[in-house]
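Hi there,

Here is the structure I promised to pass on.

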Amino acid sequence: MLARELRCPTNSEKAMRYKCSAKEEAQMSPDALNSGRKFSVAPMMDWTDRHCRYLHRQLTQCALLFTEMVTAPAIIHGDRERLLGFDQIEHPVAVQLGGSDPAELAEATRICDDWGYDEINLNVGCPSDRVKSGRFGACLMAEPALVADLVRAMKQATEKPVTVKCRIGIDDQDSERDFNVFADAMVEAGADALYVHARKAWLQGLSPKENRDIPPLDYPRVYRLAGRMKPYPVYINGGIANLDEALAHLRHVDGVMLGRAAYHDPRLLADVDARIFGQPARAFALAELARSMAAYAEKHLAQGGRLNHITRHMLGLGNGLPGARRFRQILSVDAVRDGAGPEIIDNAFAALDTAALAVA
Ligand SMILES: Cc1cc2nc3c(=O)[nH]c(=O)nc-3n(C[C@H](O)[C@H](O)[C@H](O)COP(=O)(O)O)c2cc1C
């Protein structure tokens with residue numbers, strides 16, 4: 001069966017499949033995972049935490065979801081439940097690791113495998129100062145041989161797919177030849193796929209935020225890589241604003257990864273299963289989403305969590321609908337008040353024009 005013909009599991013099927021946390025139970029089939037990568041939501045620090053992923057999973061059953069980057073030393077020495085805990089409904093979910101020490105990354109990979117992640121991804125694209133000082137992230141693109149060692153060490157630690165997220169270049173090391181040398185080294189080391197943010201990173205002089213906007217996008221370079229490497233999976237990322245653009249990219253690459261657009265306008269995810277994965281279109285009502293997020297919030301609060309851990313990721317849900325301003329206000333102001341409960345979520349959705357509630 002072709003990967004694209006696979007039916008995405010429903011939330012209840014996932015709950016059944018993953019209810020036992022045993023390693024074998026938690027493993028996605030390679031076909032299902034390949035299929036899921038056709039559309040993924042990018043790793044984003046402080047944004048794609050477990051609550052954000054839970055929300056996104058209510059909107060799309062098929063897309064692959066990424067964690068925020070977690071450093072290998074933090075996983076080895078830190079609070080694993082806080083750093084790695086996730087809801088089984090989030091599958092398929094990839095964890096992104098940061099690091100530059102093969103033994104540490106191997107150890108972190110083993111731990112993430114045991115936690116049931118479906119894919120382990122190495123961050124070779126993040127240009128922040130904090131990350132650079134630890135010698136990981138985008139600066140590693142200057143050292144393909146070292147990154148290849150990291151990938152090999154990770155591969156030896158797991159049978160799950162090990163993938164790499166990178167840029168098309170850094171600083172003056174930004175020729176297509178440099179990029180191809182890097183990509184070839186990843187493939188040779190056994191990386192199962194490449195996610196490419198289609199712009200270079202300037203490690204000096206630009207802030208991480210500027211590095212996500214200022215260096216120009218070069219999609220054709222990623223298309224050429226995908227063409228040259230076929231059938232090796234290459235996924236494109238950077239500046240993709242909507243599903244029309246995603247579909248246009250899919251004519252050239254195996255998958256698309258969306259970051260900011262998916263976060264700021266999460267309702268676009270409600271069309272992903274039908275438009276990207278060819279699943280039967282399903283009328284998705286925001287009322288249903290309100291109910292499931294309120295129930296999720298109730299559980300989180302009962303465990304000592306705060307409501308705004310969840311509601312802060314929901315602010316974009318009302319965008320473009322009458323009442324969106326009030327919706328955002330309730331979720332950002334009322335939700336941080338002492339004693340705020342799940343009824344805040346009901347109140348916020350009630351502020352949206354009900355005639356506009358049907359998304360699909
Ligand atoms: C707030 C924020 C945090 C990010 N954190 C990470 C990260 O932890 N790891 C990573 O590889 N990329 C990170 N990125 C980059 C995104 O994964 C993505 O490559 C970038 O935003 C370009 O895609 P987009 O234009 O679709 O947003 C982050 C981006 C944002 C906006």
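Let me start with a question: is P43 buried or exposed? P43 counts as buried, because it has 26 C-beta neighbours inside 10 Å. (A residue is buried if 20 or more other C-beta atoms lie within 10 Å of its own, exposed if 12 or fewer, and partly exposed in between, with C-beta atoms placed from the backbone.)

Before going on, two notes on the source. This is a predicted model, in which local features need pLDDT of at least 70 and side-chain atom pairs count only at pLDDT 80 or more, while totals for chains, interfaces and linings use all residues. Residues are numbered from 1 along each chain as its sequence is written.

Overall picture

The chain has 18 helices and eight strands. (These are DSSP runs, H or I of at least four residues for helices and E of at least two for strands, numbered from the N terminus.) Of the 360 residues in the chain, 47% are buried. Among contacts with a separation of 6 or more, 73% join residues 24 or more positions apart. (Two residues are in contact if their C-beta atoms, placed from the backbone, lie within 7 Å.)

Back to P43

P43 sits in the loop between β1 and α4. Leaving out residues up to four places away in sequence, P43 touches T48, F66, T67, E68, M69 and Q96. M257 is 214 residues from P43 in sequence, yet their C-alpha atoms are 9.4 Å apart in space.

Helix α4

How many of the ten residues of α4 are buried? Ten of the ten are, so α4 is largely enclosed by the rest of the structure. The cover over its buried residues includes β1 (39-41), β2, β3 (93-98), α15 and α16 (307-311).

The axes of α4 (residues 50-59) and α15 (residues 286-302) come within 11 Å and cross at roughly 150°. (Axes are lines fitted to C-alpha atoms, for helices over the stretch in contact, and angles run from 0 to 180 degrees between N-to-C directions.) The two helices are therefore roughly antiparallel to each other, a label for angles over 145 degrees. On the α4 side the contact is made by Y54, L55 and Q58, and on the α15 side by L289, S292, M293 and Y296. By class, these residues are five nonpolar, two polar and no charged. (Ala, Val, Leu, Ile, Met, Phe, Trp, Tyr, Cys and Pro count as nonpolar, Asp, Glu, Lys and Arg as charged, and the others, Gly among them, as polar.)

Helices α7 and α9

Helix α7 (residues 102-115) packs with helix α9 (residues 144-157) at an angle of about 35°, their axes 8 Å apart. From α7, the contact takes in P102, A103, L105, A106, T109 and R110, and from α9 it takes in D149, L150, A153, M154, Q156 and A157. These residues divide into eight nonpolar, two polar and two charged.

Around the ligand

The ligand is surrounded by 23 residues, and the closest are A42, M44, M69, G259 and R260. (A residue is near a molecule if its C-beta atom, placed from the backbone, lies within 6 Å of it.) β2 (64-71) and α13 (260-264) are the elements that give two or more residues to this shell. Its residues are ten nonpolar, eight polar and five charged.

An exposed residue

E81 lies in helix α6 (residues 80-84). E81 counts as exposed because it has 8 C-beta neighbours inside 10 Å. The C-alpha atoms of E81 and W115 are separated by 9.5 Å, and the two residues are 34 apart along the chain.

Best wishes

How values were computed:
Parallel < 35°, antiparallel > 145°, perpendicular 65-115°, else oblique.
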